[in-house]
Amino acid sequence: MIRVHNLTYAYEKGDSPVLKDLNLHIAEGEYIALIGPNGCGKTTLIRHLNALLIPSAGEVLVDELSTRNSKSLLEIRRRVGMAFQNADNQIVGMSVEEDVAFGPGNLGLPPIEVRRRVDEALTRVSLIGLRSRPPHTLSGGQKQLLALAGLLAMEPKIIVLDEPTASLDPESKKKVLTLLRKLNSQGLGIIHVTHSMDEAALADRVLVMDQGELIADGSPGDILSRVEWLKTLGLAPPQITELMWQLQQGGEDVSTCIFTVEDAAEEITALLERLRSSSNFCFPRKADGHV
Ligand SMILES: Nc1ncnc2c1ncn2[C@@H]1O[C@H](COP(=O)(O)OP(=O)(O)OP(=O)(O)O)[C@@H](O)[C@H]1O
Ligand SMILES: [Mg+2]
């Protein structure tokens with residue numbers, strides 16, 4: 001659906017490029033996490049995907065429409081929705097429903113279709129009950145959901161989110177992440193820029209950038225299990241993966257391809273079973289005889 005060909009970009013003519021000869025193909029319906037150290041070019045790259053930035057060299061195509069062609073701008077932005085970290089900056093309406101209606105209203109759709117889209121989008125993000133509320137009275141998490149509803153009302157094929165959970169409390173974070181998985185299961189493509197490797201583990205494909213280049217592209221298993229490599233990039237591996245890595249460093253035969261507490265519990269239980277059945281290992285016992 002999106003093809004990036006030899007994309008090079010410098011903010012000012014003559015400056016050294018921030019993106020260097022980058023190539024990338026994204027299919028419909030993918031759930032992608034984009035990770036990389038501060039300043040490596042993640043935001044600059046995604047801003048190219050809906051023509052907020054135009055390449056200095058190379059090309060970005062959305063469904064074969066080039067972002068260089070100003071006539072395709074509206075169509076590209078309809079297909080690729082973009083949300084940023086600070087949801088406050090994206091609020092335009094006096095009420096929740098007015099805010100969501102803003103985008104489809106601008107497409108010149110009949111009012112009945114705008115209403116249908118607003119209702120559907122607010123239902124999908126579970127904000128339908130707050131439709132009349134002034135947006136400034138919403139919590140940070142609800143504002144992020146409102147921003148998502150605004151994107152959904154445009155009926156995009158893919159949404160691009162730049163650190164959408166960065167300023168949210170753990171509960172709101174969980175809500176947004178659960179919603180992203182659900183939207184993806186309904187066919188919506190997602191590109192999620194994040195500094196959290198735990199969040200990246202939720203994606204189906206992880207892209208890693210460093211110094212303006214795409215340096216790795218694989219499954220969470222391929223990428224996030226490389227604990228030492230992530231650390232050399234200045235990225236903190238998922239906590240659970242790091243725990244398994246430390247056990248491995250201590251000589252235990254465990255996988256680092258593990259990202260959830262449940263999988264870690266299973267792996268550690270299997271390890272304990274192996275140790276239990278090996279003749280030269282004795283579990284310490286409590287006074288009541290339990291191990
Ligand atoms: N508007 C701008 N004008 C000039 N240089 C910029 C501009 N925005 C970003 N840069 C520079 O481009 C490089 C890439 O920045 P970008 O914001 O794309 O990185 P990032 O990976 O999103 O970083 P972060 O993880 O901190 O969000 C950085 O060196 C940054 O200083
Ligand atoms: Mg950024």
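**Entry 1: a loop to start with**

I began at Ser219, which sits in the loop between β10 (213-218) and α8 (220-224). I take helices (H or I, at least four residues) and strands (E, at least two) as DSSP runs, numbered from the N terminus. Ser219 is partly exposed at 28% relative accessibility. My scale for that is buried under 20% relative accessible area, exposed over 50%, and partly exposed in between (1.4 Å probe, protein chains only).

**Entry 2: ground rules**

A note to myself: this is a predicted model, where local features need pLDDT of at least 70 and side-chain atom pairs count only at pLDDT 80 or more, while totals for chains, interfaces and linings use all residues. Residues are numbered from 1 along each chain as its sequence is written, chains are lettered from A and ligands numbered from 1 in the order in which they are written, and side-chain values use heavy atoms, with hydrogens and water left out.

**Entry 3: the whole chain**

I counted up the secondary structure next and got 11 helices and 10 strands. The chain has 291 residues, and 46% of them count as buried. Its C-alpha atoms fill a box of roughly 75 × 50 × 30 Å along the principal axes. There are two domains to keep in mind, domain 1 (2-220) and domain 2 (241-277), with bounds that come from an automatic or database domain assignment. I find their C-alpha centres 36 Å apart.

**Entry 4: around ligand 1**

Which residues are around ligand 1? My list reads Tyr11, Val18, Pro37, Asn38, Gly39, Cys40, Gly41, Lys42, Thr43, Thr44, Glu163 and His195. To be listed, a residue needs a heavy atom within 4 Å of the ligand. Sorted by class, the shell holds 4 nonpolar, 6 polar and 2 charged residues. The classes here are Ala, Val, Leu, Ile, Met, Phe, Trp, Tyr, Cys and Pro as nonpolar, Asp, Glu, Lys and Arg as charged, and the others, Gly among them, as polar.

Then I went through the oxygen atoms of the ligand. One is 3.2 Å from a polar backbone atom of Cys40. An N or O atom in the side chain of Thr43 is 2.8 Å from a ligand oxygen. For Thr44, a polar side-chain atom is 2.4 Å from an oxygen of ligand 1. The protein covers 55% of the 630 Å² of accessible area that ligand 1 has on its own. Those areas come from the Shrake-Rupley method with a 1.4 Å probe; for residues, only the protein chains shown count as cover.

**Entry 5: Gly36 and α1**

I stepped back to Gly36, in the loop between β3 (31-35) and α1 (42-49). Gly36 is buried, at 0% relative accessibility. From Gly36 to Leu122 I get 32 Å, C-alpha to C-alpha, across 86 residues of sequence.

How many of the residues of α1 are buried? The count is 6 of the 8, so α1 is largely enclosed by the rest of the structure. The buried ones are Lys42, Thr44, Leu45, Ile46, His48 and Leu49. Just after α1, Ala51 takes a positive phi of about 65 degrees.

**Entry 6: two glutamates with positive phi**

Glu64 is not a glycine, yet it has a positive phi of about 70 degrees. I place Glu64 in the loop between β4 (57-62) and β5 (65-66), and it is exposed at 54% relative accessibility. Glu155, also not a glycine, has a positive phi near 50 degrees. The loop between α5 (140-152) and β7 (158-162) holds Glu155, which is partly exposed at 34%.

**Entry 7: Glu199**

Is Glu199 buried or exposed? Glu199 is buried, with a relative accessible area of 6%. This residue belongs to helix α7 (residues 197-200). Glu199 and Ala33 are 166 residues apart in sequence, and their C-alpha atoms are 8.0 Å apart.

**Entry 8: cysteines**

Last, I checked for disulfides, meaning pairs of cysteine sulfur atoms within 2.5 Å, and the count is 0. Cys40 is buried at 3% relative accessibility, whereas Cys257 is partly exposed at 40%.

Note on methods: A polar contact is a pair of N or O atoms within 3.5 Å; within protein, one must be able to donate a hydrogen and the other to accept it, and residues adjacent in sequence count only if both atoms are side-chain atoms.
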